[in-house]
Amino acid sequence: MNDHLSQLEPIDVTLQVNGTPVDVSVPAHRTLLDALRDDAGFKGSKKCCADGECGACSVFLDGTLVNSCLVLAVETEGSDVTTIEGLSVDGLSDLQQEFLKAGAVQCGVCIPGQVVAAEDLLRTNPHATATEIRDAMSGNLCRCAGYERIVAAIQAAAETRVTIS
Amino acid sequence: MSGHGKPDDQITLGSAVGESVLRYGGADRVSGAQQYLSDLEFPDTAHVAFTTIESGCAQINSIDTSAAEQLPGIVAIVSADDLPNAKRFGISHQDRPLLATDTVNFHGEPVVAVVAESTEIARLAADLIEVDFTPLPGVYDLDSALADDARLVQEPDVRPGDPLNHSNVLETAEYAWGDVAADEPSAHVIVEDTYNFPMVNHFTIEPGGVIARPYEETGVEVHSPIQHPFLLQRILASIHDLPLNKVRVVAPDPGGGFGGKQTPRYEPLMAHLAMRTQRTCRLVLSLEENFQLMRRSGCRIHARTGFAADGSIVFHQMDVDFHIGAYADVAPRIMAKGSYVGAGPYRIPSVTVDARAVLTNTTPSCAFRGFGAPQVGWATESQIDAGARALGMDGLEIRRKNLVDAGEAFIRGDHEATADGHWHESLEKAAELLEWDTPKPPNRGRGIAVGIKPGATSGLSQSLVRLLYDGSAIVYAGTSDMGQGARTLWKQILSDELGVALEQITIISGDTESVPFDLQTSASRSTVFMGGAVLMACEDIRRRVLELYAEVTDVDPDTLDHRPGTIMTPAGTVPLVEAAQTALGKLRGEFVGQGTNRLRGKSGHPLGGDAAFYEFNATAIEVEVDPDTGEVLLVRHATVGDVGKELNPIQVRSQDEGAAIMGLGHSLMEQVMLDDNGCIRNLGALDYRIPTYNDVAVDMLSASIENEDGPGPYGCKGISEGALLCTAGAVGAAVADAIGVPIRDLPLTAERIWKAMQARDSATADN
Amino acid sequence: MVQYRRPDTLSEALSVLERAGDNGRVLVGGTDLLIGVRRRPLSPLVLVDVKGATDLPPAIEVHDDGVRVGPTATMSALVATDEVQRWFPALVAAANVVGSVAIRNRATLVGNICNASPACDTAPALLVHDATVTIRSTAGERQVSIDEFFLGPGQTACGPAELVTAIDLPRPPAGHRSAFQRLTRRRGVDLATVSAAAGLTADGLATIALGAVAPTPVKAVAPGPIDATDPAAVRELAEQLTEIATPISDVRASEEYRRAMTTVLTERAITAAADAATPGA
């Protein structure tokens with residue numbers, strides 16, 4: 001019986017979340033998503049499929065877009081994680097505002113992941129076409145299916161950013 | 001119409017309705033601050049996990065919990081044996097047990113509930129519990145459920161006194177008018193076929209869950225992302241023998257509902273566990289568990305339709321079997337309501353619809369956007385196109401011929417229903433958007449279809465509005481905001497009706513302790529019903545302000561009047577807020593208005609009453625089919641709804657596109673697949689596919705017809721299901737047009753289309 | 001009973017894997033592995049995270065004779081490498097459809113083949129690109145051709161106590177072209193129903209490899225050169241080469257459909273390879 005319990009023995013992990021050091025103590029199998037939500041209190045990242053299919057848990061891990069449900073918390077020792085909360089420290093970002101204006105937000109559970117993935121897209125491909133946006137975003141499911149509205153929001157934010165820079 | 005949302009401060013006071021006001025609660029949703037069920041935290045929480053078995057139908061022989069009991073941190077382990085006096089529950093039929101009792105009746109039905117100090121311990125314990133079971137010959141499809149020797153999904157004593165309780169038919173519905181036998185000879189062409197609509201999952205991005213807590217000594221407080229908090233309150237009170245005031249239901253905004261979160265499932269059990277352990281008990285579902293909680297009813301329709309030489313429909317006959325699952329939930333009503341509009345919005349002299357709700361050992365089906373209408377509509381729309389093909393007409397022409405005009409009956413007989421809109425306008429607009437008459441490149445096909453769905457038929461919605469002294473306001477409205485944006489509309493209505501700035505309005509919902517009764521959030525009813533209640537509450541406030549203003553200023557109330565946002569006096573208009581302040585005086589205070597909007601049902605009506613409105617939609621689709629693989633590319637998808645009035649254009653568009661894309665799911669790719677033991681083969685996101693960004697049409701077009709002819713505020717109608725009603729019909733017709741042969745079973749997977757092309761080619765070769 | 005180990009060196013990693021025996025699993029991207037862990041919470045796994053080993057070969061090493069892909073090279077890194085884009089178009093096309101952007105940022109080429117799904121997207125491309133796999137254990141290092149790497153669903157030539165340290169992709173000879181085709185249930189992110197890669201030498205000799213139509217990815221070489229601009233010749237060759245397919249029916253497709261699509265995709269892959277620009281020097 002105690003065999004089963006050994007998996008629950010916690011391991012200490014220190015990482016940075018949105019620029020702040022965070023210490024968590026987690027069993028080996030706990031995902032970064034669960035650790036962020038349940039141990040570190042960052043509940044903005046959402047859990048739906050837990051298989052890396054829906055993108056609701058998207059975060060930046062050392063600057064790279066990942067599905068936090070497919071990363072173990074113990075793998076992130078010393079890493080720098082940015083969650084949706086980290087994208088709106090000084091109020092809503094341009095992208096978040098465009099999501100609202102475009103009518104892209106319905107129930108909202110997929111939206112944090114959509115915003116993170118869209119932010120990654122705008123950073124890596126500032127001039128993305130509608131087709132490229134659809135391709136890059138197709139790992140983020142929306143069942144209310146605001147897809148068309150989200151594409152419009154990303155295009156609007158991209159236009160503004162390109163104009164400004 | 002504005003195509004882009006506007007911040008509150010860019011809207012002129014008094015003209016919020018009709019503008020794309022940004023959604024209420026939007027900022028929290030884009031920043032991750034919105035608290036859904038799984039984001040709620042309570043002190044001293046215990047965690048719940050279920051033990052299930054890998055079988056869709058089995059006799060439970062014994063349960064060994066010994067290994068699980070030895071784990072540290074176990075609070076309770078509960079199976080049906082521990083609940084000897086537990087009642088079954090349900091909406092129309094009290095057939096669902098708290099935990100599987102003697103038998104497991106569908107894959108994933110919980111057998112044991114473990115309450116533990118952590119989610120990990122609970123899961124571990126649930127997995128260590130061994131259930132010894134004997135597989136039974138379950139019925140997993142319509143044919144096996146309807147066979148003479150079929151095993152009964154429900155023992156007859158679950159439905160005592162029911163004449164059908166020795167069969168797997170739970171309920172039936174029959175609609176008929178005219179005389180098919182008499183009209184049949186005038187048919188020039190008769191088409192007859194069988195159509196299948198798959199079981200599909202809601203796939204809400206929030207899988208769901210329940211948190212239950214002891215409340216006021218003997219009571220219980222249940223947090224659930226439920227669409228109908230008051231229904232849940234009623235059922236919890238009834239099953240646990242509690243007065244309503246001892247049952248508090250708190251409903252955080254559902255993370256997607258689509259009908260899937262209307263009815264109680266695990267809440268009664270969770271309430272029991274909380275009362276039994278006197279702990280806060282938390283259950284957060286996985287997506288796999290969500291698949292075992294809700295689905296759309298599958299459906300098989302046999303249809304026979306006669307057409308005159310000019311394309312007029314002469315008669316239409318349907319036998320409709322809904323494949324509803326192991327417990328009733330609201331499936332009998334889905335069967336009744338979906339088949340009520342089974343003959344579509346057409347002028348048909350003779351119709352018979354015979355429908356059955358058939359129990360099977362599968363996930364209990366429940367409400368899902370369209371409420372039975374998409375299933376039956378798939379067959380009827382396909383039959384109309386079959387008639388058109390036989391007569392050498394096109395899909396637009398035959399619908400122009402048969403679609404009813406405003407005010408004309410499309411359901412005849414004792415409970416006639418007439419068109420409450422100018423539906424031809426939607427049809428023409430959809431055809432125009434698709435450029436229906438332009439030439440088509442090779443491998444392309446076009447289809448057009450229409451759909452109708454009856455709105456709510458009865459029920460009460462109440463709202464309270466408090467106009468505070470400083471001109472801000474609080475609205476209490478029980479509608480669940482699951483994405484449709486109801487609260488945004490209440491804000492718009494209130495702003496215009498009371499002359500209160502949008503940013504000074506707060507909406508309270510989702511708590512039976514503080515919010516007055518609302519029957520439910522379903523059937524696209526809320527804008528009409530609750531919107532009307534909010535409007536009435538505002539008028540009530542204006543009357544009260546007027547009365548007190550008259551008294552305080554010592555004028556004859558008969559010389560005063562009120563209009564949205566203002567009190568009219570002989571000396572001129574006074575803004576309502578100013579009049580309210582004058583009326584309240586130095587000691588201040590507030591005005592409370594009440595709105596009560598009740599639609600009374602009609603006894604004897606098969607739906608319990610006339611629909612308050614009909615949702616009508618026309619969808620036109622152009623596809624390109626890969627002739628070698630059968631893959632479908634959606635070239636253009638145009639959806640047009642008859643909405644009455646767009647209270648918030650961007651929200652209407654968002655709902656319309658969303659419904660249209662959801663419709664593509666069951667049309668092209670979605671289906672719950674079972675193995676021989678009734679277990680779901682594609683459980684979870686890896687092998688149950690829903691549309692992604694890349695599965696939407698290259699051109700996705702959405703438009704509305706606005707004639708301000710609805711029963712809701714400002715002439716609006718409900719709008720959030722329309723664009724899904726006839727997606728399948730339009731896609732099906734487009735694919736048939738592209739490949740030259742129709743396909744009658746959904747979804748239209750590439751493989752199915754390829755097989756149809758193979759059959760077509762071998763038939764050609766044979767000739 | 002999941003345990004986590006993060007060795008600092010390759011040799012330590014190999015020792016940990018050896019001790020773990022059948023329960024050892026190498027963790028790099030985790031995009032397949034963690035899906036399995038969630039479904040089998042009681043399995044006694046030892047996850048050996050080799051990302052902390054400081055002496056691993058570099059993720060991607062380009063040299064004149066080809067490209068060496070190390071165990072930490074992600075799909076995203078792979079497709080962003082110029083030489084990979086120029087020399088191995090079939091592999092780039094395949095790597096670009098493995099999951100979503102977020103998955104490709106994490107999933108590795110080595111992990112993809114070690115998971116050994118019959119539907120593995122990159123395997124057909126590696127087969128037509130004649131990759132060689134380097135496998136290490138405490139006993140030493142050995143190399144196997146990719147042709148001999150896949151043994152069955154989830155089974156490879158890399159044993160429980162072993163680690164794939166490199167995939168070598170030889171630079172194709174002048175005029176060699178390649179392409180990849182895939183059929184899925186939807187247009188967005190999906191697992192392959194059938195996949196096919198084709199390589200074509202300058203003198204018209206085709207090699208094809210198939211995914212999701214046999215217990216392992218499979219490969220066939222044309223008996224002689226063909227004119228790949230002749231549709232009938234391509235069709236005939238595709239029909240002949242795809243006889244190696246032994247598809248089954250599952251939730252994604254039936255055997256019959258898979259078999260037919262194998263030929264269609266093979267034909268398209270050969271044609272696409274023929275149409276592809278000759279890779280630059």
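Predicted model: local features only at pLDDT ≥ 70, side-chain atom pairs only at ≥ 80, totals over all residues.
1. Between chain B and chain C the count is eight salt bridges, a salt bridge being a side-chain nitrogen of Lys or Arg within 4 Å of a carboxyl oxygen of Asp or Glu. One of the bridges joins the side chains of K755(B) and E256(C), with 3.8 Å from N to O. The elements of chain B that give two or more residues to the side touching chain C are helix 3 (119–128), strand 27 (632–642) and helix 19 (750–766); helices (H or I, at least four residues) and strands (E, at least two) are DSSP runs numbered from the N terminus. Helix 19 of chain B gives the most to that side, with four residues.

2. Residues are numbered from 1 along each chain as its sequence is written, chains are lettered from A and ligands numbered from 1 in the order in which they are written, and side-chain values use heavy atoms, with hydrogens and water left out.

3. The extent of the interface of chain B and chain C is as follows. Contact (heavy atoms within 4.5 Å) involves 26 residues of chain B and 25 residues of chain C. The buried area, meaning the accessible area (1.4 Å probe) that two parts lose on being put together, summed over both, is about 2200 Å² here, and carbon and sulfur atoms give 54% of this area. There are 15 residue pairs in polar contact between chain B and chain C, both residues at pLDDT 80 or more. A polar contact is a pair of N or O atoms within 3.5 Å; within protein, one must be able to donate a hydrogen and the other to accept it, and residues adjacent in sequence count only if both atoms are side-chain atoms. The side of chain B that touches chain C has eleven nonpolar, four polar and eleven charged residues. In this scheme Ala, Val, Leu, Ile, Met, Phe, Trp, Tyr, Cys and Pro count as nonpolar, Asp, Glu, Lys and Arg as charged, and the others, Gly among them, as polar.

4. For chain B and chain A, 61 residues of chain B are in contact with 53 residues of chain A. The two chains bury about 4800 Å² between them, with 60% of it on carbon and sulfur atoms. Within chain B, the residues that lose the most area to chain A are V30(B), I205(B) and Y693(B), which together account for 20% of what that side buries.

5. Helix 1 (26–31), helix 3, helix 8 (287–291) and helix 16 (649–669) of chain B each give two or more residues to the side that touches chain A. Helix 16 of chain B gives the most, with eight residues. By class, that side divides into 31 nonpolar, 19 polar and eleven charged residues.

6. The domain assignment of chain B, whose bounds come from an automatic or database assignment, gives domain 1 (8–34 + 459–599), domain 2 (40–136 + 208–284) and domain 3 (298–456 + 605–766). The centres of domain 1 and domain 2 of chain B, taken over C-alpha atoms, are separated by 39 Å. These two domains bury about 1400 Å² between them, 48% of it on carbon and sulfur atoms. In domain 1 of chain B, M482(B), T512(B) and E513(B) lose the most area to domain 2 of chain B, together 40% of what that side buries. Four salt bridges are found across this domain interface. Separately listed is the salt bridge of D511(B) with R248(B), whose closest N and O atoms are 2.6 Å apart.

7. A cis peptide bond joins L746(B) and P747(B), with omega about -5°; P747(B) lies in the loop between helix 18 (727–739) and helix 19 of chain B. In chain A, A50(A) has a positive phi of about 60° although it is not a glycine, and A50(A) is placed in the loop between helix 2 (32–39) and strand 3 (58–61) of chain A.
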